[in-house]
Every structure is written in structure tokens, then in C-alpha cells.
Amino acid sequence: MVNTTIESTTDQVVKARIGRSTGPQLNWLQKIGNSKYLGLYLLAPAGIFVLLFFVIPVLLTGVFGFTNMSTATGITGGAYLANQSSMQALGDRHDMAALAEQINQVVYTIDETGLTTAREAGISAATLMELRAKFLGQSFDNRRDAERAIKKLNNRPANTRALKVLVKYFERSVINTRYDSKAEILAAIDGFGVSLTPEQQAAIIDVTYTGWVFSTNNFKRMISLPDTKKTLINTLFFVFTTLILFNVGFALVLAVSTHYMDAGPAGFFRSVWLLPRITPPVLYVLMWKWLAWDTGFISIILGPFGVEPKNWLLDSPTNAWTFIILINGMVGASMGMLIFSSAIKAIPSSLFYASEVDGATRAQQIRHIILPQLRFPILFITCYQTLSLLTSFEYFLLATEGGPGGSTEVWALSTYFKALNNYAGALEYGYGAALALVLVVVGVVLSILYLKLFDFKTLTAAPKIE
Amino acid sequence: MRILLENFTKKFGDLTIIDGMDLEVHDGEMIALLGGSGCGKSTTLFAICGIHKVNGGRIFFGDHDVTNVTTQERNVGVVFQSFALYPHMTVENNIGFPLKLRKESTGDIKRKVGEIAEMVHIEALLQRRPGELSGGQQQRVALARALVRRPDVLLLDEPLANLDATLRLEMRSEIRRIQHETGITAVLVTHDQTEAMSMCDRIAIMDAGKIVQITEPKDMYDNPVSDFVAGFLGSPPIAFLSGKIEDGHFIEPSTKTKIPLDHEMAKSNNGRTVSIGIRPEYFQPNNGTAVSGKVSFIESQGRETLYNVMLPDGKILRSIQGEGSVAKIGDTVEWGINAPKILVFDEDGKRI
């Protein structure tokens with residue numbers, strides 16, 4: 001009896017649930033609102049932007065890094081062009097100097113094409129008729145032979161100038177002509193009277209292609225260039241010096257010292273250190289430049305002491321680095337300061353009281369209470385700022401442009417110059433992408449390293465409360 | 001060590017929290033500062049340990065004036081309401097922290113931490129972090145940290161407020177046991193009268209920054225100086241009735257019941273409007289002067305049952321009775337007041 005009751009109750013519940021689905025019709029908005037995929041729907045717009053502006057660019061960087069794309073190759077497909085340099089390459093790379101010699105020639109062939117073109121251009125019919133009758137199908141290896149033959153005609157051109165014009169119609173060459181496909185260039189060479197083996201065909205295609213191809217040459221080149229090493233050392237020096245001195249170090253000093261101040265002055269000092277961050281970067285750097293110019297603040301101040309006015313910013317590599325690190329550090333410190341200050345605020349005041357009661361001086365409080373509690377924020381700032389310093393080059397671009405003499409050229413700046421903007425206008429997209437790819441890899445590796453170093457697992461360990 | 005507050009004054013900005021308080025805690029005594037929130041009891045505690053600087057008066061530990069001694073040098077042990085354990089340190093390092101700051105040797109620290117851990121029964125937990133401990137265990141660690149360097153005084157700020165009911169009962173006797181074992185002078189800040197009465201040698205009850213009465217728990221319960229003290233102590237609380245004294249009796253205004261009062265007192269206060277306090281245990285069936293009213297509320301507390309009896313004018317008398325009581329809500333009952341136990345207060349709430 002009892003069982004039946006329970007079953008019938010369950011039955012009713014089931015019926016009630018089924019009944020709900022035949023209830024009032026929901027409109028599409030309500031359906032989305034009730035869907036278990038609601039989260040996905042809400043994320044969709046962000047997802048599209050992430051895809052467009054992050055995932056696809058990163059993937060394309062990965063792909064482009066393995067190509068030789070440049071302004072010369074274009075980014076779409078290329079054409080086939082036999083010219084001086086590709087024929088040189090045919091000799092050098094494929095050991096086919098003889099073939100190159102053959103193709104490189106200009107010959108004069110009396111053929112129907114030439115006759116038709118000449119007729120259409122208004123050359124006298126009699127001349128062309130005689131030329132056809134006597135020389136059709138004949139080839140001359142150079143212009144002089146062809147001219148000599150034509151001079152012997154009864155209906156020859158009236159003067160030397162007309163002769164030269166006529167000869168031009170029979171000039172045949174594959175050099176310096178763009179062909180849109182492999183078939184066209186091969187047909188042209190064949191028509192030129194050179195027959196090619198399959199091997200030779202492949203070699204011709206290889207050297208005459210003007211578009212981009214996949215290759216790992218970028219990385220070989222990166223390793224072999226001495227500039228790479230210098231840029232790498234510059235980058236590491238810049239990132240870690242700025243990070244340790246300012247983005248973490250000075251930020252900690254600011255956060256801790258304002259913690260021990262009264263609320264009013266503390267707020268004032270924090271706001272002051274935020275100003276560089278809210279100043280437009282172009283103006284911010286411009287002010288540094290004014291400070292450092294030969295007619296600028298530093299020179300004016302030092303003038304009465306007998307110091308020659310000079311451009312302090314670009315005067316020497318040491319000065320340039322000092323300015324670069326100050327420019328970046330003054331901006332960078334504010335973020336760490338904010339994060340660290342709020343983390344210190346989050347420490348319960350009872351912990352500070354307890355440590356005072358336990359006999360801790362301020363220095364001991366900082367060492368034993370504040371710093372250990374800031375482990376996670378410090379990890380965060382270190383990770384975040386390493387990555388942002390690695391990839392930031394706007395202040396370099398605005399201040400030193402990598403100078404003097406490339407002494408402040410860092411990896412991101414060099415990538416930008418190589419790929420997107422340089423004096424010669426020869427942009428190497430492929431090589432630039434390869435350089436950028438290295439930055440991505442370094443960033444990922446550093447992040448993993450930091451997580452290990454700061455013992456991330458124990459920071460986020462689940463409590464074992466009994 | 002004796003603690004003495006002399007004319008102690010504390011202000012926050014323009015607001016005077018405590019104005020000229022005097023308090024003496026004898027050597028080896030445990031005293032409770034009891035009062036509602038905002039009465040200044042925690043402020044007093046923080047002033048004793050030096051976290052708050054005083055705005056006037058002096059503080060002595062023994063004969064030593066510590067008014068201007070920093071917290072760090074005052075040698076007090078404090079247990080905070082939230083325990084304030086250092087979350088990034090193990091239990092062992094938490095307890096050893098005050099010793100480490102004093103630059104004691106690692107061996108000494110280990111030995112002392114071991115001893116104190118044994119005393120508060122947490123030997124097995126030394127390698128854990130606070131986040132891995134229950135509330136009661138955290139409480140014991142906090143106590144051990146406060147005691148490890150043998151402080152002159154032990155200060156406890158609502159130490160049981162964050163614990164559940166069973167643990168509170170257990171820790172109550174534990175703290176008292178440890179205080180007895182160490183013989184330390186202790187100050188307990190609490191808003192819970194049961195805690196104050198069960199744990200301490202004396203209670204200082206505070207209201208609006210003043211000590212209203214300071215005496216032993218039993219004495220304070222039986223002889224409160226004011227209706228505030230009488231109302232604060234006792235659970236369920238005391239019930240008050242107001243009326244006039246006429247011819248040696250208190251006249252209950254709605255039922256006109258005459259309740260006999262102490263002869264001398266009634267004579268000298270004849271005709272005066274007073275309020276009388278009747279504790280629930282002194283309002284029982286078959287007990288002295290009978291008052292009749294309707295049972296308006298019944299609350300079973302297991303062993304005992306609490307009855308609210310409403311008089312015709314809406315005033316409530318409370319009665320707490322053991323098993324065997326059968327009154328129901330709505331019943332009219334006629335229970336008696338144990339007249340000699342009545343507490344009489346004047347219009348200002350002062351005990352007469």
C-alpha cells in the first residue's frame with residue numbers, strides 16, 4: 001500500500017513536469033534565456049572579437065613565420081618571370097648555367113605572328129610578301145644577321161630607321177616577360193626553341209616564381225644574424241631591469257609606504273603616480289624629449305655649471321637606456337601600486353594588530369605579514385608586466401626609435417621595423433612574423449616558469465578542514 | 001601582574017568614547033568587560049594592549065607606567081575575535097612568531113612552542129596552516145600564540161564569538177583552565193553574560209563608556225546596582241513592573257495586587273513611583289503573593305519551560321519552571337511572586 005502511494009506520487013510529479021512543456025508558448029528571447037547554452041550565447045560577441053583580433057592574427061603569425069613573404073613577393077600568389085637574377089639563380093642553385101645562357105638570349109625569327117603584327121602596323125605588303133617567301137621559318141642569332149638578310153630583299157625598307165622598326169617585330173625573347181602560370185612560361189620557352197627536360201622544367205619554375213613560398217629560412221637567418229643576439233640581450237635587459245626596479249620594486253615601495261600614511265596624503269600620492277598612465281603616450285614622451293633636448297630643461301639647468309648643452313636622450317647608449325627605463329617605469333609602476341595597495345587593504349587589520357602585539361616593528365611587519373600576503377599579486381604583476389614589456393615598443397618608437405645606432409632596439413621594435421615600417425620600404429612580413437612568433441613562445445615559456453617559481457598550486461590549494 | 005587604569009580617556013576625533021574610567025584588575029585575576037556593542041569595552045582592551053593610544057589618564061602594569069610604552073614592548077598576549085592567525089604560516093610558525101621576533105634561538109622556540117601546544121592540546125596540528133583548521137583549533141592556536149612568550153597580561157577580545165555553540169561551551173572551560181594553570185592576569189571582553197559569569201572572577205559591566213558596576217558574578221546577579229545591570233544578567237531576562245509603593249506594599253496597577261516589600265525600605269519610600277524586577281525563577285506556582293494573568297507564550301528549553309504571563313495591562317511576567325507544568329497558551333493562571341527576592345528600582349533605574 002505504502003509503495004503504491006509513493007509510486008503514484010512520483011507519477012504525478014512526472015506528469016506535472018511533462019505538463020509544463022505544453023504550457024504557454026515561449027518567444028525566442030525567453031527560449032534563449034532558459035537555455036543551458038545561455039552562457040555561450042552571451043559570450044558569442046566577445047568570442048567573435050577574440051577570434052578576429054586575437055586567435056586568427058596569432059595563427060596567421062604562426063603561418064607567416066614560415067614563409068618568405070615580403071613587399072617583393074606580395075601576399076597573394078605570384079607570377080613567373082625569367083630575368084637576370086632568376087637566370088643567375090638557375091646557374092647557382094640548379095647548376096644549369098648553360099640552359100640559363102640559352103634562355104637569356106634574344107633571337108630573331110621570321111614567323112607568321114611577326115608578319116601579321118607587322119602588317120597590322122602598316123609595313124608595306126610587298127616587303128612582307130618577299131620576306132615571307134624567302135625567310136619564313138628562319139632564325140637569326142643576333143640583330144645584325146637579321147638586318148643583313150632583310151637588306152638583301154628587293155623590297156627592302158627605305159632607310160635604316162625603317163629597317164630597325166621592321167626587325168623589332170621579329171625579335172623573340174622570354175626574358176623580362178611576366179607569365180601568369182607555369183604552363184605559359186614553359187610554352188613560351190618551348191616556342192623560343194629550347195626544349196626542356198622535366199628536371200629543367202622544375203628548375204625553371206622554381207627560379208622564376210615571384211610569389212611567396214613556405215620555408216624555414218627565416219629562423220636560420222635569425223640565428224645567423226649578429227643583430228638578433230644584440231636585440232635579444234637588449235630586450236632581456238630592458239624587460240627585467242624595468243620590471244624589477246619599477247613595475248614590481250617601485251610599485252611595492254609606493255604601495256607599502258602609502259599604506260602607512262594617513263588616508264588623505266596616501267590618496268594624493270597614489271593619484272600623482274597614476275598621472276603618467278592617464279597622459280596620452282605621445283604627449284608623455286614629448287615631455288621627456290623636452291626635458292632631454294639640447295635646449296631642454298636638463299641642459300638649461302646644467303648650463304651654468306659649465307656643462308655643454310646636448311641631447312641627453314640620444315647622447316649615449318647609457319643615457320638612452322636610462323631614459324627608456326624611466327619612461328616605461330614611471331608608467332608601469334602605477335599598475336603594480338594599485339594592485340598591491342588594494343591587496344594590502346584586503347589584509348585584515350587584526351593581522352597588523354596581532355603582529356604589533358607579537359612585537360613586530362614596521363620593517364618586520366612588511367617582511368613577515370605584508371610581503372607573504374602579496375605573493376599572488378606580485379606573481380600576477382610579474383607575469384602580466386613581463387608580457388606587456390616584452391611586446392611594448394610604443395615608447396621606444398616615440399622616444400629613441402631604437403637609437404642611438406640601434407643600441408635601444410628591442411625585439412618588438414625590430415619586429416615592427418622589419419615587418420611593417422622601415423626606411424627602405426622593403427617590408428619582410430615573413431621574417432617579421434617569425435620574430436613575433438619567438439616573442440609568443442618566450443611569453444608562454446616565461447609564464448609557465450613564473451607559475452612554477454611562485455608555487456601556484458599551494459597558492460590555490462583547497463583547505464583541509466576537519 | 002596587576003593592571004590599573006587611572007582616569008583613562010579615549011576619543012575618536014570629537015567623539016569621546018570613554019571618559020575618565022578607573023579600573024583595577026588584581027594579579028592573577030580574570031575579569032570580564034561586559035556590555036552591549038559600542039559601550040567601549042573593546043576600546044578599553046585595545047588601549048590596555050597599546051593598539052589605541054590613550055587621550056588621557058594612565059595605565060599601569062604592576063607598578064610600571066606603560067601609558068607611553070609601544071604595543072611591541074608592552075608584553076601583552078591578545079586573542080582576537082577573528083583569531084588573527086597569519087594565514088601563510090604553519091601553526092608552529094604562528095605560535096613561534098613572537099619568539100622569532102625576539103630573536104630567540106631555534107631550539108628554544110621549538111621547545112617553548114611544543115610546551116604550549118601540549119597545554120592547549122594541538123601538538124598534532126603544528127605543521128598545518130590556519131586554513132586547514134576548524135574554528136576551535138584556530139582558537140587554541142591563537143591562545144597558544146598569545147601565551148607562548150609568557151606575557152604580563154592576557155587580553156581576550158570576544159574570543160568565543162566566532163565559535164559554534166558546543167565549541168563555545170568547551171572553549172569556555174578550556175580558557176578558564178589555562179588561565180588557572182598559568183596564573184596569568186586576564187581581561188575578557190564579551191557581550192555574552194553567560195560567558196562573563198561562567199569564566200571570570202569578577203565582572204565589570206559597562207554602558208556608554210562607563211563601568212556601571214564591578215563585582216563578583218553571583219553578587220552582581222543578586223544585587224545589581226541598576227535596572228540596566230539587572231536586565232543584562234540572567235537568561236531568560238528579568239521582568240519589570242512599574243507602580244507605586246503604598247503602606248509597605250507595591251501596588252500592581254492593573255490587578256491591584258499588593259506585593260509586600262522590605263519594611264524599612266518601603267517605609268522610607270512611601271508613595272514613590274518605582275519599578276520592581278522579578279526574575280523568572282521567583283515567579284512560580286504556589287509561591288507567595290499570587291498574581292493572575294494569561295499565558296501568552298510558551299518556550300520549551302528542554303529541561304525547563306519558559307512561560308510569559310500577560311497581566312491585564314499588557315505587562316509581561318516571566319516564569320521558568322521544571323517538568324510537570326501543564327499550563328497552555330490562553331490559560332489563566334495565578335502564580336506567586338517570591339517577595340523577598342524582588343529588586344526595587346527608582347525612576348532613574350537606580351536600585352533602592
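**Questions on a two-chain predicted model**

Trainee: Which residue in strand 7 of chain B stands opposite Val76(B)?

Mentor: This is a predicted model, in which local features need pLDDT of at least 70, side-chain atom pairs count only at pLDDT 80 or more, and totals for chains, interfaces and linings use all residues. Residues are numbered from 1 along each chain as its sequence is written, while chains are lettered from A and ligands numbered from 1 in the order in which they are written. Strands (E, at least two residues) and helices (H or I, at least four) are DSSP runs, numbered from the N terminus. In strand 7 of chain B, the residue opposite Val76(B) is Val153(B).

Trainee: How many bridges join strand 6 of chain B to strand 7 of chain B?

Mentor: Two strands count as paired if DSSP finds at least two bridges between them. Strand 7 covers residues 153–157, and strands 6 and 7 of chain B run parallel. The number of bridges joining them is four.

Trainee: Which strands of chain B stand at the edges of the six-stranded sheet?

Mentor: The six strands form an open sheet with mixed pairing, in the order 6-7-8-3-9-10. Each edge strand has a single partner, so one of its sides is left without a neighbour in the sheet; the two are strand 6 (76–79) and strand 10 (210–215) of chain B.

Trainee: At about what angle does helix 4 of chain B run to strand 6 of chain B?

Mentor: Axes are lines fitted to C-alpha atoms, for helices over the stretch in contact, and angles run from 0 to 180 degrees between N-to-C directions. Helix 4 (residues 135–147) lies across strand 6 and strand 7 of chain B, and its angle to strand 6 is about 170°.

Trainee: Which residue in the turn between strand 1 and strand 2 of chain B has a positive phi?

Mentor: Strand 1 (residues 3–12) and strand 2 (residues 15–25) of chain B pair in the antiparallel sense over seven bridges, and Ile3(B) has Val25(B) as its bridge partner. The two strands form a hairpin with two residues between them, and the residue with a positive phi, of about 65°, is Gly13(B).

Trainee: Is Gln321(B) buried, exposed or partly exposed?

Mentor: A residue is buried if 20 or more other C-beta atoms, placed from the backbone, lie within 10 Å of its own, exposed if 12 or fewer do, and partly exposed in between. Gln321(B), in strand 18 (residues 316–321) of chain B, has 17 such atoms, so the class is partly exposed.

Trainee: Which helices of chain A do the buried residues of helix 23 pack against?

Mentor: Helix 23 (residues 429–453) of chain A has 25 residues and reaches 36 Å from its first C-alpha to its last. Its buried residues include Tyr429(A), Tyr431(A) and Leu437(A). They pack against helix 3 (38–64), helix 12 (217–224) and helix 22 (411–419) of chain A.

Trainee: Which helix of chain A gives the most to the side that touches chain B?

Mentor: Residues are in contact if their C-beta atoms lie within 7 Å, and 19 residues of chain A meet 19 residues of chain B in this way. Helix 18 (349–357) and helix 19 (362–373) of chain A each supply at least two residues of the side of chain A that touches chain B. With six residues, the helix giving the most is helix 18 of chain A.

Trainee: How far apart are the centres of domain 1 and domain 2 of chain B?

Mentor: The bounds, from an automatic or database domain assignment, are 3–226 for domain 1 and 239–345 for domain 2 of chain B. Taken over C-alpha atoms, the separation of their centres is 40 Å.

How values were computed: Two residues are in contact if their C-beta atoms, placed from the backbone, lie within 7 Å. The expected span of a helix is 1.5 Å times one less than its number of residues.
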